[in-house]
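Me: I am new to this one. Can you show me how to read it, feature by feature?

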Amino acid sequence: MLFGTKAGIKNHNRERYERVRRLMWIKCEACGRLVYYKDYKSNNYICPRCGRAFIMTPKQRFDLLFDNNEWVKLKLPTVSDDPLNFVDRMSYKDRLAEARADTGYNDAITTADGVIGGIPTTICILNGDFMLGSMGRAAGDGIVASMEHAIELKQPFIMVTCSGGARMQENILSLMQMARTTVAVNKLHANGIPYIVLLTDPTFGGVTASFAMLGDIHIAEKGARIGFAGRRVIEQNIREKLPSNFQTADYLYEHGMVDMVVPRDELKAKIEKILAVLTKQSREPKTINVTTPVTDTKKVRGMGESEAYDKVLLARNENRPHFLDYINGIVDDWTYLAGDRLFGEDPAMCGGLGFWRGIPAVIIGQEKGRTIETRQFHRFGMPNPEGYRKAQRLMRLAEKFKLPLISLFDTAGAFAGGAAEERGQSQAVASSIATGLSINTPYVAVNVGEGGSGGAIAIGTGDRVLMLENSIYSVIAPESCASILWKDNKYKAEAAEAMKLTARDMADLNVIDQIINEPAGGAHTDWQTTMELLANAVAEHVLDLQKQPAEEMSRRRAEKFIAMTRDVEIYQPEHKTEEHEH
């Protein structure tokens, strides 16, 4: 045995014992318990007792994310050590020397090339163990050089952040790295390079206020603390106690700043799925295999009053497939993307990346929910302003990567509430219409249920607009129309007829491009057939649009909508009311 069986340890073995002891056990900073190193390492450097994710070295990160632990480290530019001759309790030069000795790295940035899911990729890492990953000139130069390298090779770029912010010992020279790295990010975007940011614990200060919050996709590692100013600074400033979850990964998700919160052991698989869509990898169409839920088949109240109102009730049928049902049935390798990057995540407006019949695409749409709980969670498919701003963000994402945009709209309208008005509901809807009309990428919009007013057209300005056979499209609900114009909502069936809101009416008005047939009893009676018909119709239009020059898309789309509604003459039959009858 290494130390023998007797009590006490010989002096010449003590140094060796201490070194081995440090390698065998570590103390968790969160729960304070000792953790056996082998358990800690096999758990991806996460405390098996409390779940705290420890800072990983660049090598550990590269091994975690790259295929087969294979990667090649890049040589990055070097800079002079101490341009300001900064001294606090010790000189900056001595701090750098100490950090280099402790970590074995020259500064806080390390970059490597490798393959993720078969896709050549560059990963750049801010090393939290090197002066808390603070950003000085060396880090700034390293980030800029790494991004330019990815542009030269035309391959995706992943930024892994772990930082306390700008490096104080370099003062204004450090601050300028916020602008310099942002210039490099702008170049990434201009060259159509996928830019994914992985935010780990901790990420703060000038890093979050520059390149770390400018990604195409933001992934927060589960358990990460992320923010601008530190919690203690904010509490001292406002003299208030902050919520316990403040600046956590989940907190940022709720407030729309990150697309997803992912446990460390799921990061590689998640990134592989994202890169596969953004780099337009080939996929075989997913086999559609869904089961229609069993529901009560009793006659719906109001059916039979008029043909148009029957369509209204069919469009609202509780068993009709909704957005997430279509996603689960049709789309392969789906990745949900969250947040508007401004205020919040709105579950009424869903969106993400996936393969639609083998076609990589960005897909958005309203989700109504099905149970009481999910309907409340999704707000019955009526988005707030942040929902429409998320839609705009995903529209621009589709344009950047020349991915087709597919929208499945199904909403009674944009949410009407005081908070929505305060946050600019009208502006959000208007901007969604404008963004949809201006993007240069194929755009297919499908009305799969209720097309309610501006809330629907906000994501309905496609190159091709389709409607399921029993969906409806109108400026107001027929019940509300009857209450306003007939002064009694019992005339809702008459109002529905007069409004010309069915798919057949829309085709006659040249407002839509195609009606997608539904099973005989309606979409709610046969999900399998409905999804097959919808999936194939959309795919055909997307493939046709992809043959056209992308730079022509917005112009042609604008011309289509400008021409719409001109020279329209429809005979409106006279409807009797109680007043006429008397």
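Reply: One caution before we start. This is a predicted model.

Me: Let us take a sheet. What is the order of the strands in the open sheet of seven?

Reply: Read a sheet from one side to the other. Here the order is E3-E4-E5-E6-E7-E8-E9, and the pairing is mixed.

Me: Which strands are the edge strands?

Reply: Look for strands that pair on one side only. Those are strand E3 (71-73) and strand E9 (260-262).

Me: By how much are neighbouring strands of this sheet turned against each other on average?

Reply: The average is 25°, with direction ignored.

Me: How do E3 and strand E4 run, and how many bridges join them?

Reply: Check direction, then count bridges. E3 and E4 (residues 109-116) run antiparallel, with three bridges between them. Take Val72 as a case: its bridge partner in E4 is Asp113.

Me: Which helix packs on the sheet, and which strands does it touch?

Reply: Helix H5 (residues 137-153) does. H5 touches E4, strand E5 (119-126), strand E6 (157-163) and strand E7 (195-203). The direction of H5 makes about 25° with that of E4.

Me: Now a residue in that helix. Is Arg137 buried or exposed?

Reply: Compare its relative accessibility with the cut-off. Buried means under 20%. Arg137 lies in helix H5. Arg137 counts as buried because its relative accessibility is 19%.

Me: What surrounds Arg137?

Reply: Skip the neighbours within four places in sequence. Arg137 is then in contact with Val79, Ser80, Pro83, Glu170, Leu173 and Gln177. With Ser80 there is also a polar contact between the side chains, at 2.6 Å.

Me: Where do their side chains go?

Reply: Start with the general idea. In a regular strand, side chains alternate between the two faces of the sheet. In E11, Met349, Gly351, Leu353 and Phe355 are on one side. Cys350, Gly352, Gly354 and Trp356 are on the other. Both faces are covered.

Me: Which strands does E11 pair with?

Reply: Trace its bridges. Strand E10 (residues 331-336) pairs with E11 in the antiparallel sense, over four bridges. There, Asp332 has Phe355 of E11 as its bridge partner. Strand E12 (residues 359-366) also runs antiparallel to E11, with eight bridges joining the two. In that pair, Gly352 stands opposite Ile363 of E12.

Me: What do E11 and E12 form?

Reply: They form a hairpin, with two residues between the strands.

Me: Another helix, then. Is Ser431 buried or exposed?

Reply: Use the cut-off again. Ser431 sits in helix H15 (residues 425-438). Its relative accessibility is 19%, so Ser431 counts as buried. Its side chain makes a polar contact of 2.7 Å with that of Gln427.

Me: Last one. What does Cys481 touch?

Reply: Find its helix, then its contacts. Cys481 is in helix H17 (residues 478-486). Cys481 is buried, as its relative accessible area is 10%. Leaving out residues up to four places away in sequence, Cys481 touches Ile476, Trp486, Ala495 and Met499.

Notes: Residues numbered from 1 in each chain as written. Predicted model: local features only at pLDDT ≥ 70, side-chain atom pairs only at ≥ 80, totals over all residues. Heavy atoms only, no water. Buried < 20%, exposed > 50% of the residue type's maximum accessible area, 1.4 Å probe, protein only. Polar contact = N/O pair within 3.5 Å; in protein donor to acceptor, adjacent residues only side chain to side chain. Pairing = 2+ DSSP bridges. Axes fitted to C-alpha atoms, helices over the stretch in contact; angles between N-to-C directions. Contact = heavy atoms within 4.5 Å.
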